[in-house]
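Here's a quick tour of some helix packing and a pocket. Have the model open and follow along.

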Amino acid sequence: MNIVILSRNPKLYSTKRLVEAATKRKHSVQIIDPLMCEIIIEKKNPAVIYKGKYLENIDAIIPRIGASVTFYGTAVVRQFEMMKVFSTVESQALVRSRDKLRSLQVLSRAGLGMPKTVFSNYTKDVAEVINYVGGAPLVIKLLEGTQGLGVVLAETNNAAESVLEAFNGLQARVIVQEFIKESKGADIRAFVVDGNVVGAMKRQGKEGEFRSNLHRGGSATIIQLTDEEENAALKSAKALGLGICGVDMLQSARGPLILEVNSSPGLEGIEFATKKDIANIIIRYIERNV
């Protein structure tokens with residue numbers, strides 16, 4: 001098969017591993033920067049041009065679209081779909097998952113547990129918002145934040161009010177969430193491919209850090225999910241329509257609580273923690289569908 005990986009950085013671990021896995025299984029693979037693609041919209045003849053050449057005879061694409069280029073990256077994915085090319089992550093699901101507020105609404109409608117969350121339109125009554133989630137400590141998240149950036153733990157009501165007022169003054173969209181004390185700075189990442197959990201790890205924040213992201217210095221260890229946790233991960237992926245995703249959840253006294261669902265999950269942490277060849281599983285997923 002001819003496989004295209006939509007990635008802006010060929011040196012990234014995830015991109016390199018996917019190339020390696022595809023090549024090992026005798027597929028032709030090329031890395032294409034989605035921002036360097038030109039989209040030709042024409043009746044019954046959609047096309048993508050890359051570096052002056054039409055991209056033709058492509059069997060499948062693997063979108064590795066960063067959050068900062070979601071708009072154009074998704075347009076490129078959509079164009080390939082119009083050309084009847086299989087995508088491991090559908091454009092509509094990619095857009096849905098990138099909108100944190102919308103994805104939480106979709107997950108809530110599907111009956112999944114999550115930390116109590118409040119979103120408001122730059123309200124001046126920040127004390128009321130704080131009360132809605134049970135008061136401090138609480139977590140404030142920028143809607144556009146990734147990899148733990150734009151996430152603040154406010155330990156007192158005064159601190160929470162100050163942070164919210166500052167974000168409101170900057171007209172930055174935020175959500176306010178209750179802080180789950182019993183998670184102790186750890187969360188779970190379940191990696192889902194084609195309706196199956198293919199690996200799971202527990203990520204622990206470094207000393208004094210409530211964010212468990214590996215980019216923030218956290219550590220990862222393999223974990224065996226409970227039936228409830230596995231079901232929550234699979235239900236989340238299904239609700240958002242994602243063929244590949246990383247489902248982040250907290251362990252709480254009331255069961256697993258979904259934090260977010262990542263449509264371009266990195267492979268490095270999960271492969272090192274589980275010692276599984278996740279890249280190979282992704283290529284096999286394409287083989288089953290093309």
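## Where α1 meets α9

In this predicted model, R17, L18, A21 and A22 are the α1 residues that touch α9. On the α9 side, the partners are A279, N280, I282 and I283. Sorted by class, that contact comes out as 6 nonpolar residues, 1 polar and 1 charged.

As for geometry, α1 covers residues 13-24 and α9 covers residues 278-289. Their axes sit 8 Å apart, at an angle of about 60°. The crossing of α1 past α9 is right-handed.

## Where α3 meets α4

Next up are helix α3 (residues 91-98) and helix α4 (residues 100-109), whose axes come within 5 Å and cross at roughly 100°. The pair is therefore roughly perpendicular. From α3, the contact uses Q92, V95, R96, S97 and R98, while α4 brings K100, R102, S103 and V106. The class count here is 2 nonpolar, 3 polar and 4 charged residues.

## The second largest pocket

Now for some open space: the second largest pocket holds about 160 Å³. Which strand gives the largest share of its lining? That's β13 (residues 196-204), with 4 residues.

Around the pocket you'll find V197, V198, G199 and A200, along with I222, I223, Q224, L225, E230, T274 and K276. By class, the lining splits into 6 nonpolar, 3 polar and 2 charged residues.

Technical notes: Residues numbered from 1 in each chain as written. Predicted model: local features only at pLDDT ≥ 70, side-chain atom pairs only at ≥ 80, totals over all residues. Heavy atoms only, no water. Axes fitted to C-alpha atoms, helices over the stretch in contact; angles between N-to-C directions. Helix = DSSP H or I, 4+ residues; strand = E, 2+ residues; numbered from the N terminus. Left-handed = near helix turned anticlockwise from the far one by under 90°. Contact = heavy atoms within 4.5 Å. Nonpolar A, V, L, I, M, F, W, Y, C, P; charged D, E, K, R; others polar. 1 Å grid on protein atoms, 1.4 Å probe; cavity = no way out; pocket = protein on both sides within 12 Å on 5 of 7 lines; lining within 4 Å. Points joined across faces, edges and corners; volume = space filled by probe spheres on them. Parallel < 35°, antiparallel > 145°, perpendicular 65-115°, else oblique.
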